[in-house]
Structures are given as C-alpha cells and as structure tokens.
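Me: I'd like to learn how to read the pockets and the ligand site of a protein model. Could you walk me through one?

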Amino acid sequence: MTETRIVTLAPPQVAPRARVQAMKEYHPPLGSRDALRLDFNENTLACSPKVREALSRISAGDLTRYPERAPVEAIVAAHLGLAAEQVALTNGVDEAIHVLFETFLEAGDELLLPVPTYTMYDVYASATDARVLAVQAGDDLQFPFERLFAAITPRTKIIAIANPNSPSGSAATRAQLVELANRAPHAVLLVDEAYFHFHGETVIDLIGVVPNLIVARTFSKAYGLAGLRLGVLAGPASLLHWARRVLSPYSVNSLALACLPPALEDTAYLDWYVKEVLEARKEFEAALDAACVRYWPSRANFVLVDIGPQHTEFVRSMRAAGVLVRDRSGDPGCDGRVRITIGTREQMQRAILVLNETLATLRIGNETR
Ligand code: PMP
C-alpha cells in the first residue's frame, strides 16, 4: 500500500450559512462527569435490569443489520394508546425537536417560546430561517399563559412548551395547552413531556382530537436510558407523515430498539424510581427551607435554587466535593440560579450534606439572614 500524505497549504475558503455563523454555541460537558450527576436531569442510578438482560442477548450478528424500527414503533404506539402512524421514534427528543423545526419552520415563520426553557429549542430554531419569539415568565417562573396567548400571530408556526418546564419545574395546565392550540390552528403546538413521569399529567390522549398537537417523550429521564438516545414524537398521522420525510430511517440504533420493549414492560422499576425521586425531592425541598434558601417548587426531577451572586463559586465548590449541579445564570431571568437534579433518597442525603457545607462556607442562606 502506498502512503498518502495530505499537505494543507491554506485554510478552506468555504463559509457556512449565515444563520449557522450567527448561532450561539452550546457546550454541555462531554467528559469529566464521574461524580454524583445532579446536573443534567438524567436518572442518577440505573435503567431496569430487564434492559440489561436484553442488551446481553445482542449478538455480533445482530450488529451487522440496519436497525428495524417498525415493530418497535408499533409496540410504543400500543403502549401510548395510539396507532403506529401516530408515533415516530427519534434519536432522543433532541432529534425530534430538530426534525420538527426542519419540517415546519421557514423564512418569515415564528417559533413561540416561553422562557426560560430548554436550550435546544432556541439552538435548532436558530439554524432555520424562522424567528424566535421569546415570552419571558415572571419572577415566580410560572407558565406565562396570558402573555403567550397574546403573542400568537398569523406567522406563529410552532409553539414549543416543555411541560413540566426546565429549568423552572413549573407546569402548564391541560386547559391552557388546549386554549393555545385552538388559538393557533395554523401552528403546531409541541408539548415536550420529557419529565412526564414525575408530573403525572399528560395531553397525549388528545392526539388526533386537538388537530395541531404533537407530544414528545424521552427515555433519558425516568427510564434511565440517556446513553441510548431514545425519544418519541406522537401526533396526528397527517403531520408525522411530513416529519418522517426529514427523519433518518436509521437514527434510532438497534441496541436502543432492543432495549425499548423491556423498558416499557418493567413498570415496577419505573414506578419505584419515580416514587424514590418524589420522596427525595420532598426531603431536598425541606432541606432548602431549613437553610433559608429560595427555590421554585418543582413538578419534575430537579429543583431550581436561588444561590445569588456567588453562583459560580457555589457550583465549583459542589463539584470539588463530588456533586455536579448546573448553573442556569445564563438563562433569561435566571441570574444567580442553579438547577439541582433529584436522584435517590440516599444520593440526596449526601447532596444535602455537601450543600449545607457549601452554603455555610460561602455564607449563603441561614448564614446571611
Ligand atoms: N426536552 C427537555 C425539556 C429536556 O430537558 C431534555 C433534556 N435535558 C430534552 C428534551 C432532551 O431529551 P433527550 O435526551 O431525549 O434528547
């Protein structure tokens, strides 16, 4: 074999699209997370043992085949009480958001977003030629329904609502979501139910009844499969039909497909994990009360905490003590606020000890009142 030497003489003169050049960079940590992970709202423990068994049954020969998503899509549809045409599996909800925006947003369209909210809506929208219209929540970070309703225009093409929302943990009601959908029949109402299991309320039963409603669900949170990248888009067949044109047929890999049915079947594991988190959340909120630290009551597996001007130091000290938490100060209306994921009770007891030591060292909360 002859050796090929590549000699670079000059940098490439190719420019990306102007919209891409203007995009903000999003840098989640892609390494160094060997600690108590209370920073990205994942399951903090494990997936179901039934999923581990399914993984161990995968042969080398199985890996030679392209993924076959259709039978698994049918299983997920049945689980959600929907028809197979009403469900599309995706490489996490991130891909679902990306695909929906590519499918529906064009120049002159508006994406309506209550903020603060999940970062990737803004990231993916900024790669399209649509405009992002952000509606700021008040200091209580409750869902800004009236303002969002008033911001709908004939150009509104997608309204994206994380329910419950991140990083606030607050939720919109079913009636509010239906009113928004009815007010904007020319737009898609995307309800992102990533944290559904901790909230217990859904609008997925309204798929097909509310004609412009699309719901997204993830397997990254309660199910503990963030590493496999699995999401679901559920909506009317007539809308999903267009999204499927944009979606790669193989974006959900065969390991993820093999793990999904046992994950759905093991409801005992899911129920146990959710109950554990909800109890841990109650204990953690009580610890914040005791420390006189303000927080926003949450419907999800995380709590947004008001740390104040020392937020950077707080996050650094928590990390040094082995607990990762997420500074959300860069989010609109969130200066000084840090989001802390809720894990199991045992994990959160350790987190509370580290939290109290850090608050005391930095003289935050009790120490300053
Ligand atoms: N939606 C919301 C509201 C989220 O908080 C997250 C994860 N942080 C996602 C979607 C992404 O989910 P996935 O891991 O399925 O891409």
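Me: Which residues surround the ligand?

Reply: A residue counts as near a molecule if one of its heavy atoms lies within 4 Å of it. Here the ligand is surrounded by Gly92, Val93, Asp94, Tyr118, Ala162, Asp192, Ala194, Tyr195, Thr218, Ser220, Lys221 and Arg229. Keep in mind that this is a predicted model, where local features need pLDDT of at least 70, side-chain atom pairs count only at pLDDT 80 or more, and totals for chains, interfaces and linings use all residues. Residues are numbered from 1 along each chain as its sequence is written, and side-chain values use heavy atoms, with hydrogens and water left out.

Me: How many residues of each class are in that shell?

Reply: Ala, Val, Leu, Ile, Met, Phe, Trp, Tyr, Cys and Pro count as nonpolar, Asp, Glu, Lys and Arg as charged, and the others, Gly among them, as polar. This shell has five nonpolar, three polar and four charged residues. Helix 4 (residues 92-104) gives the largest share, three residues; helices (H or I, at least four residues) and strands (E, at least two) are DSSP runs, numbered from the N terminus.

Me: What is 2.6 Å from a nitrogen atom of the ligand?

Reply: An N or O atom in the side chain of Asp192. Ser220 has a side-chain N or O atom 2.7 Å from a ligand oxygen, and a polar side-chain atom of Lys221 lies 2.9 Å from a ligand nitrogen. Alone, the ligand exposes 400 Å², and the protein buries 93% of that (areas use the Shrake-Rupley method with a 1.4 Å probe).

Me: Where does the ligand sit?

Reply: The ligand takes up the space of the largest pocket. On a 1 Å grid over the protein atoms alone, a pocket is an open set of points with protein on both sides within 12 Å along at least five of seven lines, whereas in a cavity a 1.4 Å probe fits but cannot get out; lining residues have an atom within 4 Å of a point. A molecule sits in one if more than half of its atoms lie within 2 Å of its grid points. The largest pocket holds about 680 Å³ of space. Among its 32 lining residues, Phe40, Asp94, Tyr118, Lys221 and Arg229 are closest to its centre.

Me: How many cavities of 30 Å³ or more are there?

Reply: Three. The largest cavity has a volume of about 100 Å³, and its lining has 11 nonpolar, five polar and no charged residues.

Key:
Polar contact = N/O pair within 3.5 Å; in protein donor to acceptor, adjacent residues only side chain to side chain. Points joined across faces, edges and corners; volume = space filled by probe spheres on them.
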